[in-house]
Amino acid sequence: MVPKIRRGSRTYGLLVYLYGPGKRDEHIDAHLVGSWDGFAPDPGRDTSPDPKVTLARLAAALDLRVNQAGDKAPAQHVWHCSVRTDPGDRPLTDAEWNTVARRLVQAVNLAPEGDPDGCRWVAVRHADDHIHILATMVRGDLRRPRMNYDFKKAQAECRRIEKEMGLRRLKPGDGTGAKTPTSAERFKAERTGRPEAPRETLREAVRQALAGAATEEEFFVRLREAGLRVRMRYAPSGDALGYNVALPGDRNRDREPIWFAGSTLAPDLSLPKIRRRLADSTIEQTTPSAAADGRPDWSPPARARRNATGIAERATVLLDSDDDEAAAQLIGVGELLDAVAQTSPATPRAELGSAARAFERSTRSHIRAERADTRAIRSAARGIIQAGNALGRGEDGGTTAMLVSTLVLVALAAARWHSARGHAQQAHASRQAAEHLRAAYYQAAATPLQRMRDQGRALPGAERRTYEDTIRAALSELGVPAHSTSTTTDALAATLAQAEQAGHDPKALLQQAIDLRELGTAADVNDVLVWRLRRLAQLPAHPRESTRNPQASRTSARTAPTPAARPTNPGPLERPPHR
């Protein structure tokens with residue numbers, strides 16, 4: 001049940017709309033379901049020749065105290081609240097809607113129960129799924145009602161009504177969500193053929209421009225490169241105070257651009273908050289060289305995704321530490337998702353975009369990290385943006401699957417972090433993002449995993465059984481439930497074989513991958529371990545078809561010098577967390 005509150009100054013005009021046909025003839029059988037005294041005239045049930053007379057009588061009755069108060073009445077004296085049930089809810093009866101309306105005007109202090117001087121109000125129903133409450137904000141004693149935090153109070157009362165009436169229970173908010181499009185914005189988008197309201201398009205474009213930006217100047221350059229119109233607001237001193245953005249072609253009736261301030265798109269997109277984010281995480285403005293990864297044959301997008309995977313693993317550990325300082329990591333993860341969504345291969349791009357949009361709600365809460373350090377994760381997002389678009393094949397596609405596999409676990413860790421703090425909307429958004437990421441993962445991982453499985457099946461029988469025994473022993477010791485593992489370990493066995501061929505100890509490397517982080521929330525433990533092993537051992541994420549004899553490869557690997565094959569002091573992202 002969703003209440004939407006607005007203020008106005010025209011009682012009669014609003015009644016004309018509520019009892020009229022609507023903007024698209026959507027109003028059906030408009031009538032009262034409740035009023036302040038239960039005896040208000042109802043134009044919808046009027047049998048007189050001219051219903052406008054009854055409409056005028058109702059408006060006059062509602063405005064009686066407003067006219068008596070004269071200049072003391074507020075300029076915007078009309079309180080208008082529409083209340084809508086979820087599409088999956090049962091239709092409520094008129095009596096039930098009357099109860100809903102009375103409880104809401106009591107909750108916001110318009111008409112407290114038992115108060116003879118409460119404000120006058122009516123509830124109009126012209127559809128199955130919602131009502132409109134119209135109240136005039138002057139009491140019988142000609143004072144204004146005290147209505148502080150009326151939106152929050154109405155939301156809280158709706159949550160109680162949902163529970164008592166058996167309706168779908170929405171997640172309680174904390175006031176940090178982005179503003180949703182108005183009805184006028186949605187209707188205009190439908191009329192002009194836009195898939196969504198300009199407000200939503202602009203919000204996503206601003207987020208993507210901010211992902212990994214190192215400076216304020218770079219952020220505004222990206223906005224303009226994305227095709228947005230940008231207008232700055234300056235103080236008399238010449239300092240920038242804020243900014244507005246508009247979509248090309250989106251104009252009002254006077255043919256002027258429709259501008260949106262950053263703060264009206266989302267609370268964290270105002271210029272002061274963007275400046276704070278940039279100041280909290282001074283990031284490198286250069287892209288790491290190929291030599292830093294040790295594999296110059298990998299493309300820039302593949303190297304950037306490998307680097308981001310390790311950093312995302314670290315973010316998961318921080319979120320699982322149950323520390324409020326991890327709030328900063330959520331902002332960085334949001335930027336990382338935005339970076340991946342706009343540079344990913346075509347196949348998983350839609351699901352990744354949906355994941356980024358869902359996770360956006362998870363990045364905001366009233367908890368702010370005092371010692372925010374998001375340099376690593378924002379630098380990873382920047383690296384992905386600078387590396388450019390990834391291909392859907394080869395190493396680019398494989399490393400996309402590697403990164404997305406880890407981002408699923410990050411989203412689930414974010415859901416747990418928010419749930420522990422009672423952030424119901426943010427936790428729900430994180431779980432939604434995880435579902436979209438899983439779908440994107442299956443799309444991106446299908447080809448490279450199939451190749452790994454083929455290579456696993458091609459191993460000699462005895463060797464394959466040796467690796468399977470190693471895998472089984474490690475997972476049984478860990479206590480991983482059977483439903484969390486694939487029916488086959490072919491891809492994991494092939495990965496261990498290739499790691500040993502590269503000079504690694506399969507058992508030790510597998511244990512290192514297991515110790516990086518818990519595996520209980522993984523949908524498929526085998527898949528998670530495949531990607532962890534390939535990152536730790538610097539193996540290709542999309543292995544080439546091998547023309548070499550597997551037995552000969554193992555023989556040469558056994559004769560390779562072990563000390564030089566595996567570093568004795570792995571980087572901080574490769575160390576298992578302290579337990």
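Me: What makes the five strands an open sheet, and in which order do they stand?

Reply: In this predicted model, the five strands follow the order 1-3-5-4-2 with antiparallel pairing, and they form an open sheet. Strand 1 (2-8) and strand 2 (31-35) are at the edges; each has a single partner strand, so one side of each lacks a neighbour in the sheet. From one strand to the next, the twist averages 20 degrees.

Me: How do you know that strand 1 and strand 3 pair?

Reply: Pairing calls for at least two bridges between the strands. Strand 1 is joined to strand 3 (residues 78-84) by seven bridges, and the two run antiparallel. With seven bridges set against that cut-off, they count as paired. You can look at P3, which stands opposite V83 in strand 3.

Me: Which strands does helix 1 lie across?

Reply: Helix 1 (residues 11-19) lies across strand 2, strand 3, strand 4 (121-125) and strand 5 (130-136). Its direction is at about 165 degrees to strand 5.

Me: What makes strand 6 and strand 8 edge strands?

Reply: They belong to an open sheet of three strands, ordered 6-7-8 and paired antiparallel. Strand 6 (229-234) and strand 8 (260-261) each have a single partner strand, so one side of each is left without a neighbour in the sheet.

Me: Why do strand 7 and strand 8 count as a pair?

Reply: The cut-off is at least two bridges. Strand 7 (residues 240-246) and strand 8 are linked by two bridges in the antiparallel sense, so the pair meets that cut-off. N244 has A261 in strand 8 as its bridge partner.

Me: How do you know that the length of helix 14 agrees with what its residues should span?

Reply: Helix 14 (residues 375-387) has 13 residues, which at 1.5 Å a residue should span 18 Å; the end C-alpha atoms are 18 Å apart, so the two agree. Its buried residues are I377, R378, A380, A381, R382, G383, I384 and A387. Among the elements covering these are helix 7 (198-210), helix 8 (216-225) and helix 15 (394-419). Just after helix 14 comes G388, with a positive phi of about 90 degrees.

Me: Why are helix 15 and helix 16 called roughly antiparallel?

Reply: Their axes cross at roughly 165 degrees and come within 8 Å, helix 16 being residues 424-457. Angles over 145 degrees count as roughly antiparallel, so helix 15 is roughly antiparallel to helix 16. The crossing of these two helices is left-handed.

Me: What makes helix 18 mostly covered?

Reply: Eleven of the twelve residues of helix 18 are buried, where buried means under 20% relative accessible area. Those buried include D490, L492, T495, Q498 and E500. As for length, the twelve residues of helix 18 (residues 490-501) should span 16 Å at 1.5 Å a residue, and with the end C-alpha atoms 16 Å apart the two values agree. Helix 18 is followed by G503, which has a positive phi near 105 degrees.

Me: Why does A522 count as buried?

Reply: The cut-off for buried is under 20% relative accessible area. A522 has 6% relative accessibility, so A522 counts as buried. A522 sits in the loop between helix 19 (506-515) and helix 20 (525-536).

Notes
Residues are numbered from 1 along each chain as its sequence is written. This is a predicted model: local features need pLDDT of at least 70, side-chain atom pairs count only at pLDDT 80 or more; totals for chains, interfaces and linings use all residues. Side-chain values use heavy atoms; hydrogens and water are left out. Helices (H or I, at least four residues) and strands (E, at least two) are DSSP runs, numbered from the N terminus. Axes are lines fitted to C-alpha atoms, for helices over the stretch in contact, and angles run from 0 to 180 degrees between N-to-C directions. Contact means heavy atoms within 4.5 Å. The expected span of a helix is 1.5 Å times one less than its number of residues. Buried means under 20% relative accessible area, exposed over 50%, partly exposed in between (1.4 Å probe, protein chains only). Angles under 35 degrees count as roughly parallel, over 145 as roughly antiparallel, 65 to 115 as roughly perpendicular and the rest as oblique. A crossing is left-handed if the near helix is turned anticlockwise from the far one by less than a right angle, and right-handed if clockwise.
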